[in-house]
Amino acid sequence: MRTYDANNASFIANGVYITGFDEGSMMKAEKDEDSFSTKVSAIGEVIVSETNNKLGTVTITLSQTSPSLQTLMKLANSKKPFPVWVIYNDGSFKERAGGTQARIVKKPGKEYDAEAGGREFQFKVFDYVEE
């Protein structure tokens, strides 16, 4: 029987392990476009066109009390590409997604309420891979 443990998931930005995630979905990674597209000629011939777009998007949500907020705000202000990786490793199963060239799309919005809120960071990855 396989089990899942969120403690086996990690996010690394510019070589730094990011901590202080908000409740709910911690991180999400996906390719921006489908891997191929199809069209069919008038006589039914199928044409498959490979998509060469290597863009991907990684989204993480930190708590507004996260010790990693300053690190990510500095990266957002730098305007320089850096590596980001979403990694899951439970010892018997390992996967990762991300790339070596990414930037933060925009700084997260801020909301203040009776309880601590979340700060969502979206990273555009220019050389996105999934392994």
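The legends below describe close-up views of one predicted model. Residues are numbered from 1 along each chain as its sequence is written, and side-chain values use heavy atoms, with hydrogens and water left out. In this predicted model, local features need pLDDT of at least 70 and side-chain atom pairs count only at pLDDT 80 or more, while totals for chains, interfaces and linings use all residues.

**View 1. The largest nonpolar core has 23 residues.** A nonpolar core is a set of buried Ala, Val, Leu, Ile, Met, Phe, Trp, Tyr and Cys residues joined through side-chain atoms within 4.5 Å. Buried denotes under 20% relative accessible area, exposed over 50%, and partly exposed in between (1.4 Å probe, protein chains only). The members that touch the most other members are Phe-11, Ile-60, Leu-72 and Phe-123. At least two core residues each come from β1 (9-13), β6 (56-63), α1 (69-78), β7 (82-89), β8 (94-104) and β9 (118-125). Helices (H or I, at least four residues) and strands (E, at least two) are DSSP runs, numbered from the N terminus. In soluble globular proteins, nonpolar side chains tend to be buried together.

**View 2. Phe-11 and Phe-123 form a tilted aromatic pair.** Rings of Phe, Tyr and Trp (its six-membered ring) pair if their centres lie within 6.5 Å; planes under 30 degrees apart count as stacked, over 60 as edge-to-face and the rest as tilted. Four aromatic pairs are counted by this rule. The rings of Phe-11 and Phe-123 lie 5.2 Å centre to centre, with 50° between the planes. This pair links distant parts of the chain, with Phe-11 in strand β1 and Phe-123 in strand β9, 112 residues apart. Both Phe-11 and Phe-123 are buried. Not counting residues up to four places away in sequence, Phe-123 touches residues including Gly-56, Val-84 and Arg-103, where contact means heavy atoms within 4.5 Å.

**View 3. Tyr-4, Tyr-88 and Phe-93 form one aromatic cluster.** Tyr-88 counts as buried because its relative accessibility is 10%. Phe-93 counts as partly exposed because its relative accessibility is 31%.

**View 4. Tyr-88 is among the lining residues closest to the centre of the largest pocket.** The space in this pocket is about 270 Å³. Of its 14 lining residues, the closest to the centre are Met-27, Val-86, Ile-87, Tyr-88 and Glu-95. The lining has nine nonpolar, no polar and five charged residues. β3 (27-31), β7 and β8 each supply at least two residues of the lining.

**View 5. Asn-14 and Lys-79 each have a positive phi.** Most residues other than glycine have a negative phi, and most peptide bonds are trans. Asn-14, in the loop between β1 and β2 (16-17), has a phi of about 55°. Lys-79, in the loop between α1 and β7, has a phi of about 60°. Asn-14 is partly exposed because its relative accessible area is 41%, whereas Lys-79 is exposed because its relative accessible area is 60%.

**View 6. Ser-66 lies in the loop between β6 and α1.** Ser-66 counts as buried because its relative accessibility is 7%. Leaving aside neighbours within four places in sequence, Ser-66 is in contact with Thr-19 and Gly-20.

Technical notes. 1 Å grid on protein atoms, 1.4 Å probe; cavity = no way out; pocket = protein on both sides within 12 Å on 5 of 7 lines; lining within 4 Å. Points joined across faces, edges and corners; volume = space filled by probe spheres on them. Nonpolar A, V, L, I, M, F, W, Y, C, P; charged D, E, K, R; others polar.
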